[in-house]
Amino acid sequence: MGRTIGIAGALILVFAAVAGIMVKVMAGPLKDSDYLVIGTVATLAAMLTLFVLLVATSGKKSNVFFKRRKKS
């Protein structure tokens, strides 16, 4: 339960940080399409963070993406 809350908190923090940075960096005045781009990039960063965190904390350090078949 603690791991899930930690990962969720990290994802919320990453999303908010990326969205905040992009709002400050993009030239104003912002249009609706600018907010769409900001949300898309922030979501992409949060999902990439989720993927990296789940792979890093999965417990299986070797062969995360591949399974060996049993020889018959």
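Trainee: Why is Gly39 called partly exposed?

Mentor: Gly39 has a relative accessible area of 23%, and buried means under 20%, exposed over 50%, partly exposed in between, with a 1.4 Å probe and protein chains only. Gly39 is therefore partly exposed. Do keep in mind that this is a predicted model, where local features need pLDDT of at least 70, side-chain atom pairs count only at pLDDT 80 or more, and totals for chains, interfaces and linings use all residues. Residues are numbered from 1 along each chain as its sequence is written, and side-chain values use heavy atoms, leaving out hydrogens and water.

Trainee: Which residues in α2 are buried?

Mentor: Asp34, Ile38, Ala42 and Ala46 are, and α1 is included in what covers the buried residues of α2.

Trainee: What makes α1 and α2 roughly antiparallel?

Mentor: Helix α1 (residues 2-25) and helix α2 (residues 32-56) pack at an angle of about 150°. Angles over 145 degrees count as roughly antiparallel, under 35 as roughly parallel, 65 to 115 as roughly perpendicular and the rest as oblique, so this pair is roughly antiparallel. Their axes are 8 Å apart.

Trainee: Which residues make the contact between α1 and α2?

Mentor: Contact means heavy atoms within 4.5 Å. On the α1 side, Phe15 and Met22 are among them, and on the α2 side, Gly39 and Leu53 are included. The contact residues divide into 18 nonpolar, three polar and one charged.

Trainee: How do you know that the span of α2 is close to the expected one?

Mentor: The expected span is 1.5 Å times one less than the number of residues. With 25 residues, α2 is expected to span 36 Å, and its first and last C-alpha are 36 Å apart.

Technical notes. Axes are lines fitted to C-alpha atoms, for helices over the stretch in contact, and angles run from 0 to 180 degrees between N-to-C directions. Helices (H or I, at least four residues) and strands (E, at least two) are DSSP runs, numbered from the N terminus. Ala, Val, Leu, Ile, Met, Phe, Trp, Tyr, Cys and Pro count as nonpolar, Asp, Glu, Lys and Arg as charged, and the others, Gly among them, as polar.
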